[in-house]
Amino acid sequence: MTNIRRSVVKRLVRGQMKSAPIAKLSACGLSLMGYRGYQLANLADHPGTRLAPVFEASESRVAAPRALGEDAELLTGPLPPIRPVLLEDVTAKSGSSFLYKKHDVLLPDEMYTKLDRISLLTNSGFFVQDYFVTKLDGTVAIPQGICAFGHGDVNWYHWLAEILPVIYLSQNLPAEFDDYPLLLPETAEKIPSFKQTLDLFRGKREVVILRDDTAYRIGRLVHVPSPVSGPFNMRDHMWPRPSDYTQNVGVVQYVRETILDALAIEREDDSPKRVILIRPPARGPTIRMKSERRPKPGGLKQCRWKS
């Protein structure tokens, strides 16, 4: 978008914040240019249909990174039962946690309540004050489904920590939702590790794959709040802190046990206490590793950070 075009779009968006006649003309002007402005809103405050809890009250535990020999900074706090919400007639795309409902873009509570700290920069649009401006050229209709997509859903960490627990919790939905398929990103069928973990938790539930370049209009969408959440990106010159994160201990432990049991992995007396996974040097800082114990052939190496 050229600077002139962006300037015009921003003026039209600001017009939506004024009197009703001006707002109507501004919305019409945006539409003629192929854009639409959505006001930011909290999904937790949206008057959708609240469903029965899919997980009981639990506790969040988050620890900040620490240097060797220092005490851990542990933040704990109670969490209420996890209650899904049923939304009607919303538009969404995989790779994004934004849900478009009439004139609003609904953000998950963990995003909306931290707008002063997190960055929501996206290639699909831009922000003007409390509005998000984007193009939604055409949509494909889906009658119903369960939201199993969101920011970073193509990333292994976000899939494992945020999306997979939601898939597990979908098994606890009332029986009337048994025929609701899981709405998943393309990576769920393309990448073997994603598909293998998906098969551990989806049970008999059908799946529908959302194409990356397509927007979908969903008649009835079940949204399960993620039991694990954290900032996708921080604002400039800000660093994450424990209060930016939520980790539902009960759900995380169940997910872990399910994976270990399904893969028949048992802990032994000489099993490593820590396993550190790092990116290849080309994708991140080089880290020198020191082995603490000679591993068995084919086994995992236990390592220690060395500055």
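## Exercises on a predicted model

Ser229 is placed in strand β14. The model that contains this residue is a predicted one. Each exercise below gives a task and then a worked solution.

### Ser229 and its surroundings

**Task.** Decide whether Ser229 counts as buried or exposed, and name the residues with which Ser229 is in contact, leaving aside its neighbours within four places in sequence.

**Solution.** Begin with the relative accessibility of Ser229, which is 7%. A residue counts as buried under 20% relative accessible area, so Ser229, at 7%, is buried. Next, set aside the neighbours within four places in sequence; the contacts of Ser229 are then Glu110, Glu162, Asp244, Tyr245 and Thr246. Finally, consider strand β14, which covers residues 228–229 and supplies at least two residues to the lining of the second largest pocket.

### The second largest pocket

**Task.** State the volume of the second largest pocket, and determine which element supplies the largest share of its lining.

**Solution.** First, the volume of the second largest pocket is about 920 Å³. Second, 39 residues line this pocket, and those nearest its centre are Pro108, Asp109, Glu110, Pro225 and Ser226. Third, the elements that each give at least two lining residues are α3 (109–112), α4 and β14. Of the lining, the largest share comes from α4, with four residues.

**Task.** Describe where Asp109 lies, how accessible Asp109 is, and how far Asp109 is from Ser226 in sequence and in space.

**Solution.** Asp109 belongs to helix α3. Its relative accessible area is 36%. This value falls between the limits of 20% and 50%, and Asp109 is therefore partly exposed. In sequence, Asp109 and Ser226 are separated by 117 residues, while their C-alpha atoms are 9.9 Å apart in space. Both residues are among those nearest the centre of the second largest pocket. Apart from its neighbours within four places in sequence, Asp109 has contacts with Asn42 and Ala44.

### A pair of aromatic rings

**Task.** Explain why the pair formed by Tyr168 and Tyr254 is classed as stacked, and state which helices the pair links.

**Solution.** Rings pair if their centres lie within 6.5 Å, and planes under 30 degrees apart count as stacked. By this rule there are ten aromatic pairs. For Tyr168 and Tyr254, the ring centres are 4.4 Å apart and the planes stand at 15°, so the pair is stacked. The pair connects distant parts of the chain, for Tyr168 lies in helix α4 (residues 156–169) and Tyr254 in helix α7 (residues 249–262), 86 residues apart. As to accessibility, Tyr168 has a relative accessible area of 9% and is buried, whereas Tyr254 has one of 40% and is partly exposed.

**Solution.** Start with burial: of the seven residues of β1 (residues 36–42), five are buried, so the strand is largely enclosed by the rest of the structure. Within β9, Phe132 is the bridge partner of Tyr38. Within β7, Asp104 is the bridge partner of Gln39.

### Positive phi angles

**Task.** Locate Lys102 and His237, and decide for each whether it is buried or exposed.

**Solution.** Lys102 is not a glycine, yet its phi is positive, at about 55°. Lys102 lies in the loop between β6 (99–101) and β7. Its relative accessible area is 63%, and Lys102 is therefore exposed, the limit being over 50%. His237, likewise a residue other than glycine, has a positive phi near 70°. The loop between β14 and β15 (246–247) holds His237. With a relative accessibility of 81%, His237 counts as exposed.

### The chain as a whole

**Task.** State how many helices and strands the chain has, and what share of its residues is buried.

**Solution.** The chain has seven helices and 17 strands. Of its 307 residues, 40% are buried. Among contacts with a separation of 6 or more, 72% are between residues 24 or more positions apart. The accessible surface of the chain is about 18,600 Å², and 52% of it belongs to carbon and sulfur atoms.

Technical notes. Residues are numbered from 1 along each chain as its sequence is written. This is a predicted model: local features need pLDDT of at least 70, side-chain atom pairs count only at pLDDT 80 or more; totals for chains, interfaces and linings use all residues. Side-chain values use heavy atoms; hydrogens and water are left out. Rings of Phe, Tyr and Trp (its six-membered ring) pair if their centres lie within 6.5 Å; planes under 30 degrees apart count as stacked, over 60 as edge-to-face and the rest as tilted. Buried means under 20% relative accessible area, exposed over 50%, partly exposed in between (1.4 Å probe, protein chains only). Two strands pair if DSSP finds at least two bridges between them. Contact means heavy atoms within 4.5 Å. Accessible areas come from the Shrake-Rupley method with a 1.4 Å probe; for residues, only the protein chains shown count as cover. On a 1 Å grid over the protein atoms alone, a cavity is a set of points where a 1.4 Å probe fits but cannot get out, and a pocket is an open set with protein on both sides within 12 Å along at least five of seven lines; lining residues have an atom within 4 Å of a point. Grid points are joined across faces, edges and corners, and a volume is the space filled by probe spheres set on the points.
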